[in-house]
Amino acid sequence: METPASRPTPDEAAAALLDAAAARDQLSHRLALPSWFHTSIAMAIVVQTATTAVGVADQSAAGMGLVVAGLVPFVLVAAVQLVRFRRLNGAWVGGLASRVVFGTDAAASTAHLLAVGAAIWAAFEEAWWLVGLCAIAGGVAYSLCGVRWMRSYRGDPASQSRGESALLLTALGVSLFAGIALLVVVGAR
Amino acid sequence: MADLDRHLVAPARLKLTTMLTAVSEVEFAVLRDGLGVSDSVLSKHVATLADAGYVRSRKGTHDGRRTTWVALSPAGRKALRNHVAALREIIDGLD
């Protein structure tokens, strides 16, 4: 059973807060990313962007298959890297999973959307070199947003650690698939 | 004026819950090493905070061995926020 709280002096209160914040910061700085973390995510985004653009521009069932196939490497890379992070650190950070890996960070999702949009346009124009360029730019921007998030997290772990809810992530996933399906349907007319 | 939370007055528990704000879930051994306490001391703190509804603990595995994962609950987050506000008031001499 708990005894009534004894009131700390201002010095004791300040020391307790400083000590607690130092322990939190030490934990957040100790968390390490698995090897090739940002690079593998960037490469998966490059593949996903390029296959989405080529698949949508193909305007066929095979093209839609390519769009879906392009998501497979991304899902695999995301799952493997998140499992490795958890094993390496004995910790799970929801913000890392949603903002860095699944791109719910505003800058990452905007960069990804722009890259996919530009790559699809380039694919319809049959400018394949531009499709590749957009895909690479999208992948690099996506991973740079992840690097930036890690810096923000280490600067303020308490406000950055939490990820989006499973409901929001599901809604985003459904919106993504609906958007791709709409592009295919509109393009087929 | 915010009140001190009796479950968080012990510095180790304040430290533990503050550490938990940096993660969504963390393995028992990581917390123990971060706090610099023994397994039994940490178990007691976690049990007390779990009884208060401030943390959730669950059995799981890590590197193939059975372990306990600990997370801060929404109630714990709110209690910590209020407790920190109360400590700040003391520091600022507002009471």
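How many residues does the contact take from chain B and from chain A? Select both sides and you will find 27 residues from chain B and 29 residues from chain A; two residues count as in contact if their C-beta atoms, placed from the backbone, lie within 7 Å.

Before going on, note that this is a predicted model, in which local features need pLDDT of at least 70, side-chain atom pairs count only at pLDDT 80 or more, and totals for chains, interfaces and linings use all residues. Residues are numbered from 1 along each chain as its sequence is written, while chains are lettered from A and ligands numbered from 1 in the order in which they are written.

Next, stay on the side of chain B that touches chain A. Two or more residues each come from helix H1 (11-20), strand E1 (25-27), helix H2 (28-35) and helix H4 (74-92) of chain B. Helices (H or I, at least four residues) and strands (E, at least two) are DSSP runs, numbered from the N terminus. H1(B) gives the most to this side, with five residues.

Now select strand E1 (residues 91-92) of chain A together with E1(B): two bridges join them, and they run antiparallel. Strands pair if DSSP finds at least two bridges between them. Here A:Trp92 stands opposite B:Glu25.

Last stop: A:Pro73, in helix H3 (residues 61-89) of chain A. This proline is partly exposed because 17 other C-beta atoms lie within 10 Å (20 or more would be buried, 12 or fewer exposed, with C-beta atoms placed from the backbone). Leaving out residues up to four places away in sequence, A:Pro73 touches A:Ala44 and A:Val47.
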